[in-house]
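Subject: Structure handover

Hello,

Here is the structure for you to look at. My notes on it follow below.

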Amino acid sequence: MCSPTFLIPLAILICMPAPADDNQLLPRIEIYVKDRLAETTQIPKERQDELLKLSRYIDACRKSNKPVKLLFVCTHNSRRSHLAQLWTKIGAKHFGLDGLDSFSGGTETTAMNPRTVTALQRAGLEITKEDSDTNNPKYSVVFCKQGSPEVCFSKSIIEPPNPTENFAAIMTCSSADVSCPNVKGSDLRLALPYEDPKISDGTSKESATYDAKSKEIAREMLFVMSRVVEKR
């Protein structure tokens with residue numbers, strides 16, 4: 001059970017002013033976000049302590065009027081790093097945190113896994129394949145009522161549009177944490193590993209496992225954003 005000092009009253013989280021129209025999330029995603037915010041008690045205190053390191057970094061950047069750039073790293077940039085990148089963007093939109101951007105990359109390039117795509121679609125994101133590159137297709141991702149879609153595909157940590165300086169590198173898998181001990185140009189390197197949902201690939205538990213991982217990552221990234229807002 002988490003210590004109450006680490007929790008934010010649910011009424012505050014849900015009743016915060018809505019962002020501008022061009023930042024409003026799609027209705028299904030707004031519901032999904034509120035459901036995850038209601039689950040912050042599920043985050044163990046030890047994990048919250050690690051997440052708070054990221055919120056403090058974001059807060060420090062904002063107080064210095066610096067853009068906030070977060071790069072989520074996993075080995076193949078196919079599952080967890082994409083989930084973290086997108087739920088961070090969505091969290092920033094939900095809380096109206098302008099000037100915050102998130103990215104993802106891998107220690108090697110593969111492809112955004114289709115199971116990741118379908119899990120995000122089940123959560124309410126509108127995703128379409130942009131091209132016919134079967135090896136590493138680009139996906140157009142929409143989660144706001146207006147504005148340009150995000151373009152997601154597998155890329156290395158040094159490949160555009162990933163930042164090259166003044167950013168936080170968040171390691172979302174233990175393998176990347178070991179193989180990438182230093183991330184050039186980063187101000188902060190933080191290990192926040194998640195279990196790989198690919199353990200369920202090809203089984204009857206596949207969809208449930210990916211949905212659970214999406215919820216876990218969304219819950220934690222929203223917790224990070226909520227703590228930044230609490231400090232404003």
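In which sense do strand 1 and strand 6 pair, and over how many bridges? Strand 1 (residues 68–74) and strand 6 pair in the parallel sense, over 4 bridges.

Before the rest, some ground rules. This is a predicted model, where local features need pLDDT of at least 70 and side-chain atom pairs count only at pLDDT 80 or more, while totals for chains, interfaces and linings use all residues. Residues are numbered from 1 along each chain as its sequence is written, and side-chain values use heavy atoms, with hydrogens and water left out. Helices (H or I, at least four residues) and strands (E, at least two) are DSSP runs, numbered from the N terminus.

**The parallel sheet**

Two strands pair if DSSP finds at least two bridges between them. Axes here are lines fitted to C-alpha atoms, for helices over the stretch in contact, and angles run from 0 to 180 degrees between N-to-C directions. Leu71 stands opposite Ala169 in strand 6. Contact means heavy atoms within 4.5 Å.

Another open sheet has 3 strands in the order 3-4-5, and the pairing is antiparallel. Strand 3 (126–129) and strand 5 (150–152) stand at the edges. One side of each is left without a neighbour in the sheet, because each has a single partner strand. Here the twist averages 25 degrees from one strand to the next. Strand 3 is joined to strand 4 (residues 139–142) by 4 bridges. Lys129 stands opposite Tyr139 in strand 4.

**Pro163**

Pro163 sits in the loop between strand 5 and strand 6 (167–171). Is Pro163 buried or exposed? Pro163 is buried, at a relative accessible area of 10%. Buried means under 20% relative accessible area, exposed over 50%, and partly exposed in between (1.4 Å probe, protein chains only). Leaving out residues up to four places away in sequence, Pro163 touches Lys69, Leu71, Phe103 and Ile157. Its C-alpha atom is separated by 9.4 Å from that of Ser102, 61 residues apart along the chain.

**Helix 2**

Helix 2 covers residues 27–37. Ile29, Glu30, Tyr32, Val33, Arg36 and Leu37 are buried there. They sit on the same side of helix 2, because they cover an arc of only 160 degrees around the axis. The arc is that of the directions from the helix axis to the C-beta atoms. Pro27 and Ile31, on the other side of helix 2, are exposed.

**Salt bridges**

Side chains of opposite charge can pair when their charged atoms come close. A salt bridge here is a side-chain nitrogen of Lys or Arg within 4 Å of a carboxyl oxygen of Asp or Glu. The whole structure has 15 salt bridges.

One of them joins Glu50 and Lys53, with the closest N and O atoms 3.2 Å apart. Both residues lie in helix 3 (residues 45–63), 3 residues apart, about one turn of the helix. Glu50 is partly exposed at 26% relative accessibility. Lys53 is partly exposed at 37%.

Asp201 and Arg115 also meet in a salt bridge (3.5 Å, N to O). This pair links distant parts of the chain, 86 residues apart. Asp201 is in the loop between strand 7 (186–191) and helix 7 (206–230), and Arg115 is in helix 5 (residues 114–122).

Arg115 forms a salt bridge with Glu206 too, the closest N and O atoms being 2.9 Å apart. Arg115 lies in helix 5 and Glu206 in helix 7, so the pair ties together parts that are 91 residues apart in sequence. Salt bridges that share partners join Arg79, Arg115, Asp201 and Glu206 into one network.

**Cysteines**

How many disulfides does the structure hold? It holds 0 disulfides. A disulfide is a pair of cysteine sulfur atoms within 2.5 Å. For Cys74, the nearest cysteine sulfur is that of Cys173, 5.3 Å away. Cys74 is buried at 3% relative accessibility. Cys61 is buried as well, at a relative accessible area of 4%.

Best wishes
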